[in-house]
Amino acid sequence: MMPATGKPLDRVDGRHKVTGAARYTAEWDVPGLVYGAVVDSGIAHGTVQAIDVAAARNAPGVLAVLTHENAPRLQPLPDKVGETQFRGEGGITETRQPLQSAAIEYAGQPLAVVVADTYERAWHAATLVRVTYAGQAPQLAMASASRKTLPETFLGNNKEKLQVTVGNPGAALAAAPVRLEAVYESAITHHNPLELLATIARWEKRDGADFLTLYDTTRALEVLQEVMATSLALPKESVHIICPFIGGAFGAKGWLYAPPLLTAIAARVVGRPVKIEWRRQDMFAVAGQRAATRQTLALGATQDGKITALRHDTLTHASQSSGFTEPCARVSRMLYAVPNMSFAHQLAHLHLPSPCPMRGPGETVGGWALECAIDELAAKLNLDPVELRLRNYAEKNPETGQPWSSKHLRECYARGRQLIGWDARNPQPRSMREGTQLIGYGMATTMYPAGRREAKARATLFADGRALVQSATHELGNGAYTIFRQISADALALPVERVRFELGDSALPAAPATGGSTTTATVGPAAQAAARAVLEAMKSLAGRDPASPLHGAAPEAIEAREGRLVLKSNPATGEEYGAILRRAKLPSLVATDGAKPGEEREKYSFYSFGAVFAQVRVDEASGSIRVARLCGVYDVGRLMNPKTAHSQIIGGMVMGVGATLMEATHYDARNGRAVVRNLADYHVPSMADTPDMQVEWLNIPDPHISELGARGIGEIGCVGTAAAITNAVFHATGRRRRSLPLTPDKLLNS
């Protein structure tokens with residue numbers, strides 16, 4: 001039987017999605033369901049002086065109106081969940097719990113929830129709520145923020161410091177014969193998944209105690225379970241969360257908890273299940289965002305292109321109740337062999353909604369700034385941009401001194417320049433044109449940490465020859481159902497069509513949040529471990545059975561092959577799993593096991609790498625930029641499924657196109673309200689904006705990350721794209737732009 005892993009199998013959930021059979025959060029049919037509508041703040045800073053809900057409470061079908069004056073009290077969020085810091089500087093979420101005070105910290109903040117028997121009546125009644133404000137002038141600009149902080153670590157991870165010095169960068173910069181210093185700025189951007197935030201909350205009594213079932217658009221089942229339990233003063237086992245499908249997240253749907261908490265307390269008050277589905281315009285306030293950044297980079301180098309010093313300072317915004325930091329220097333601290341480095345991160349706390357991770361947090365905008373600075377240095381030295389990178393190639397992690405677990409970046413450079421036709425271009429900026437179109441080529445290195453965490457899984461073998469493997473992980477549209485089915489099938493020595501994988505339920509064996517491109521490397525080994533555990537139980541069962549041809553054989557003398565247990569020394573001797581179970585009168589056999597990283601994390605530095613090359617066309621008269629081609633070559637370990645991997649990579653690249661050319665969230669300077677409300681205002685790439693894309697990967701297994709040899713790929717496609725395009729625009733126009741997005745006005749006015 002050929003292995004299923006590595007084959008380009010179709011997605012097992014594809015038919016469910018195109019036929020509407022896949023059930024998303026807002027689509028669960030819960031008996032007795034009623035609906036919530038949220039009234040939000042029209043100002044960014046101040047307090048609620050008065051809130052008149054009389055008309056709303058008396059409107060047809062209204063069951064309750066919750067405000068800060070009558071909402072159930074919530075406990076503070078935990079300081080930490082597992083190893084992740086939640087609150088404070090460097091934490092991932094807000095300290096503010098919803099409807100607990102009259103204070104207003106941002107426009108769009110929930111101020112009231114109206115619950116009614118229909119969706120339409122709830123929203124009509126919400127328009128009847130009248131709020132009187134005691135407003136104050138909001139702080140909306142990083143430069144003038146009165147409160148700035150210096151977080152020490154990213155997400156409370158003591159190993160990832162945000163204020164770092166290696167060597168003596170000040171002296172090295174002063175002594176460098178070639179120096180470059182530049183400021184790079186990026187706008188606030190939003191995730192905008194197709195599926196909106198939604199929650200259904202249902203309370204019931206179990207053994208006389210409160211029990212909460214949540215259907216929620218979450219990619220962090222166990223984390224949300226703990227947050228809800230802590231906030232509502234419940235035992236963790238009294239919260240059950242269900243989410244089998246997520247319609248995109250890109251960093252959202254994981255770390256901001258006002259939506260599920262509001263739904264849960266509303267359901268508790270009215271004594272019926274409540275659904276709150278947020279509108280697209282609300283997503284710009286309550287669903288998170290990528291923070292704005294202002295990054296200052298300084299490089300020192302020798303005349304022959306050896307970089308001797310690097311300084312990367314970042315100012316990024318947070319809300320008044322959040323300390324989440326965009327860790328922009330993540331890329332700078334490890335990508336090139338630089339002996340003297342310093343990195344600093346500062347937060348400016350504004351009256352804006354809380355930022356949170358967005359695809360490639362830190363790496364996407366931080367890598368853009370670094371790779372643009374490297375391109376600028378190459379131009380200053382009159383060196384080929386690829387050659388400059390090769391001259392500073394890091395053979396080990398320059399910050400920690402650890403060897404790489406696996407690195408084949410040179411091969412990525414070489415293949416990428418072949419794909420794009422790099423050597424055939426005229427390297428002189430503003431030297432290539434077709435009519436009014438200026439033609440440019442650019443490239444950038446891309447990388448992403450290859451994380452792995454602890455997870456558990458459960459494997460069940462049935463007497464009819466089928467199998468079920470389960471883990472409380474998530475499917476965000478990334479193909480998780482498919483690749484975990486493939487991994488499980490191989491571990492069970494079964495055809496893939498006889499194996500089913502279940503996820504998206506907190507009652508299943510625990511798995512961490514899906515994020516940081518860690519899910520494959522985390523849950524895959526857990527599925528393997530559970531499969532082996534159930535097979536070991538099956539071996540023991542067969543060895544003890546006098547009627548089995550394997551009777552008396554030690555478990556280590558037996559192996560699984562094509563749905564059978566056989567003797568290693570004589571594979572013709574054996575029997576099918578189902579025969580063993582039926583003879584034992586067992587309908588199934590179950591085992592739970594898990595996997596976690598080990599000492600290899602102390603020995604090696606784990607990253608994925610790649611090279612992105614871009615060709616652009618810039619209209620000289622209008623300033624419009626069209627990306628004609630993108631070529632990416634990636635070193636991401638062993639691929640589990642080339643078809644789903646291709647979709648992941650090109651999806652990330654297209655998201656990088658959007659961040660580079662069009663995506664930005666703007667706020668009214670008077671009241672702090674987002675002036676974008678839908679996907680007509682907030683532009684994301686359409687099919688017409690999508691370039692010709694060529695994606696290749698080396699498919700070299702990482703020998704140290706796990707037996708699978710696989711690293712995550714969800715974010716690396718996004719990371720290098722912006723810099724490659726920006727550098728191509730410089731090559732086309734001869735002018736350097738250092739502010740994202742690269743809109744036509746910036747090209748024409750500079």
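Me: Is Arg-202 buried, partly exposed or exposed?

Reply: This is a predicted model, in which local features need pLDDT of at least 70, side-chain atom pairs count only at pLDDT 80 or more, and totals for chains, interfaces and linings use all residues. Residues are numbered from 1 along each chain as its sequence is written, and side-chain values use heavy atoms, with hydrogens and water left out.

Arg-202 counts as partly exposed, at 24% relative accessibility; buried means under 20% relative accessible area, exposed over 50%, and partly exposed in between (1.4 Å probe, protein chains only). Its salt-bridge partner is Glu-204, with the closest N and O atoms 3.9 Å apart. A salt bridge here is a side-chain nitrogen of Lys or Arg within 4 Å of a carboxyl oxygen of Asp or Glu. Glu-204 is also partly exposed, its relative accessible area being 28%.

A second pair is formed by Arg-417 and Asp-384, whose closest N and O atoms are 3.9 Å apart. This pair links distant parts of the chain, 33 residues apart: Arg-417 lies in helix 10 (residues 409–420), and Asp-384 in the loop between helix 8 (363–381) and helix 9 (385–391). Helices are DSSP runs (H or I, at least four residues), numbered from the N terminus. Arg-417 has a relative accessible area of 22% and is partly exposed, as is Asp-384 at 23%.

Salt bridges that share partners also join Arg-11, Asp-13, Lys-17 and Glu-475 into one network. Asp-13 is buried, at 2% relative accessibility, whereas Lys-17 is partly exposed, at 26%. Across the whole structure, the search finds 50 salt bridges.

Key: Helix = DSSP H or I, 4+ residues; strand = E, 2+ residues; numbered from the N terminus.
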